[in-house]
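Hi,

Here's the structure I said I'd pass along.

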Amino acid sequence: STTVDYHSVLIPQGIYHFYNKAVSGRKLFQDHSDYQRFMDKFKNYFHPYLYLLAYCLIPNHYHFLVLLKEENDEFFQSVQQENSKAGRLFLSGQYSMSEFLSDQFRKLLSSHSLYVNKKYKRNGPLLRTKSKRTEVSSEIKLWDLLCYIHHNPIHHGLTESYTQWFYSSYSGYFSKELDLGYEKVLEWLGDGNLSTGLLEYVKMHQNYKMNFER
């Protein structure tokens, strides 16, 4: 089974980068339905507890950039509805938010590993033993990571432009139905103005790509 690395304790309203890759020679995603299922599961497990700021899935690894929500009534109600063992421990004060969310991540990755092994008639571990997560503690780091995550498929030679890779959040920022996490990013970038934020967002990614290609 997959364990989650506890080197960054998850705290309310913290921003974190989650990532891991498949063990050598294995793939996490081989077709569209693999990517789709993983994102659907991610939303099921995490939508009530965090804002998704960015993500990218490529055949052998994943990246998520997230902002954790506050521990408010809504948060507790969602945990209650989940009715899981980790949820009950959290509600009774025996688990911290960090331990509860780590368990959610463990369940997501275990579920995906079982699914992939069954579908492709494989066995043994799919992911590297410890999933990594780091706290994003500065604005410079935040913007660098946002671009880095979206640049992943270009860096690995899977596509030549941000918009051509379907399994990342890059194009989601241009949607009329903006995810709340994406809206927050554009507000930060545009000092409250979403249109200004979107211009900054595009410029920032173009600069990142240019610098990378030098």
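First, a convention: helices (H or I, at least four residues) and strands (E, at least two) are DSSP runs, numbered from the N terminus. With that in hand, aspartate 103 and arginine 106 both sit in helix α4, three residues apart, or about one turn of the helix.

Some housekeeping before the rest. This is a predicted model, so local features need pLDDT of at least 70 and side-chain atom pairs count only at pLDDT 80 or more, while totals for chains, interfaces and linings use all residues. Residues are numbered from 1 along each chain as its sequence is written, and side-chain values use heavy atoms, with hydrogens and water left out.

The overall picture

The chain has seven helices and five strands. Reading from the N terminus, the order is β-β-α-β-β-α-α-α-β-α-α-α. For 214 residues, a compact globule would have a radius of gyration near 17 Å, and the chain agrees with its 17 Å (taken over C-alpha atoms; the globule rule is 2.2 Å times the number of residues to the power 0.38). The C-alpha trace spans about 50 × 45 × 30 Å along its principal axes.

Buried residues account for 48% of the 214. Here buried means under 20% relative accessible area, exposed means over 50%, and partly exposed is in between, with a 1.4 Å probe and protein chains only. As for contacts (heavy atoms within 4.5 Å), take those between residues at least 6 apart in sequence: 71% of them join residues at least 24 apart.

Helix α1

Helix α1 covers residues 32–46, which is 15 residues. From first C-alpha to last it reaches 21 Å, close to the 21 Å expected at 1.5 Å a residue (the expected span being 1.5 Å times one less than the number of residues).

Which residues of α1 are buried? They are Asp34, Tyr35, Phe38, Met39, Phe42, Tyr45 and Phe46. These cover an arc of only 130° around the axis, so they end up on the same side of α1; the arc is that of the directions from the helix axis to the C-beta atoms. What do the buried residues of α1 pack against? Their partners are β3 (50–58), β4 (61–68) and α4 (97–119).

Salt bridges

There are six salt bridges in the structure, counting a side-chain nitrogen of Lys or Arg within 4 Å of a carboxyl oxygen of Asp or Glu. I'll go through some of them.

Aspartate 103 counts as buried at 14% relative accessibility, whereas arginine 106 is partly exposed at 33%.

Lysine 119 is the residue I'd look at next. Aspartate 31 forms a salt bridge with lysine 119, and their closest N and O atoms are 3.0 Å apart. That pair links distant parts of the chain, 88 residues apart: aspartate 31 is in the loop between β2 (15–21) and α1, and lysine 119 is in helix α4. Both ends are partly exposed, aspartate 31 with a relative accessible area of 30% and lysine 119 with 31%.

Aspartate 34 also meets lysine 119 in a salt bridge, at 2.7 Å from N to O. This pair too links distant parts of the chain, with aspartate 34 in helix α1 and lysine 119 in helix α4, 85 residues apart. Aspartate 34 counts as buried, at 0% relative accessibility. Through shared partners, salt bridges join Asp31, Asp34 and Lys119 into one network.

Cysteines

How many disulfides are there? Zero, taking a disulfide as a pair of cysteine sulfur atoms within 2.5 Å. Cysteine 56 is in none, and the nearest cysteine sulfur, that of cysteine 147, is 13 Å away. Cysteine 147 is likewise in no disulfide. Both are buried, cysteine 56 with a relative accessible area of 1% and cysteine 147 with 2%.

One last pair

Asparagine 207 is in helix α7 (residues 194–213) and is partly exposed, with a relative accessible area of 37%. The C-alpha atoms of asparagine 207 and cysteine 147 are separated by 9.4 Å, with the two residues 60 apart along the chain.

Cheers
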